Amino acid sequence: MSKPVSSAEQTFEKALAELEKIVARMESGELSLEQALATHKRGLELARFCQQKLEAAQQQVKVLEGEVLKPLAAAEPEAGEDR
């Protein structure tokens with residue numbers, strides 16, 4: 001398994017890339033039970049980290065949108081309306 005990135009230098013992209021490698025290794029079926037358990041634990045940590053980053057990004061979007069996410073259809077001009 002690749003060396004885990006320290007939390008200080010962890011980014012969403014790095015965590016996602018490591019998670020993808022973990023999935024590939026687990027799907028290969030080449031891990032022992034102990035390795036599979038340790039790999040699964042690391043995968044859960046990475047998945048939680050990514051989820052937290054996505055939730056934080058979603059909150060930032062809500063703030064930027066004035067606390068209200070607008071439906072996509074509302075952003076398009078209506079028929080007969082000037083752009």
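The model is predicted, so local features need pLDDT of at least 70 and side-chain atom pairs count only at pLDDT 80 or more, while totals for chains, interfaces and linings use all residues. Residues are numbered from 1 along each chain as its sequence is written, and side-chain values use heavy atoms, with hydrogens and water left out.

Of the 83 residues, 14% count as buried; buried means under 20% relative accessible area, exposed over 50%, and partly exposed in between (1.4 Å probe, protein chains only). The accessible surface comes to about 6900 Å², and 55% of that belongs to carbon and sulfur atoms (areas from the Shrake-Rupley method with a 1.4 Å probe; for residues, only the protein chains shown count as cover). As for contacts (heavy atoms within 4.5 Å), among those between residues at least 6 apart in sequence, 56% join residues at least 24 apart.

Now for the inside. In soluble globular proteins, nonpolar side chains tend to be buried together. Here the largest nonpolar core has 6 residues: A15, L19, I22, L46, F49 and C50. Helices α1 (12-28) and α2 (33-64) are the elements that give two or more residues to this core. A nonpolar core is a set of buried Ala, Val, Leu, Ile, Met, Phe, Trp, Tyr and Cys residues joined through side-chain atoms within 4.5 Å. Neighbours within four places in sequence aside, C50 touches F12, A15 and L16.

Charged residues get a look-in too. The whole structure holds 2 salt bridges, each a side-chain nitrogen of Lys or Arg within 4 Å of a carboxyl oxygen of Asp or Glu. One joins E18 to R42, with the closest N and O atoms 2.9 Å apart. E18 lies in helix α1 and R42 in helix α2, so this pair ties together parts that are 24 residues apart in sequence. Both partners are buried: E18 has a relative accessible area of 4%, and R42 has 13%.

R42 also forms a salt bridge with E45, where the closest N and O atoms are 3.4 Å apart. These two both sit in helix α2, 3 residues apart, or about one turn of the helix. Through shared partners, the salt bridges join E18, R42 and E45 into one network. E45, at 36% relative accessible area, is partly exposed.

Key
Helix = DSSP H or I, 4+ residues; strand = E, 2+ residues; numbered from the N terminus.
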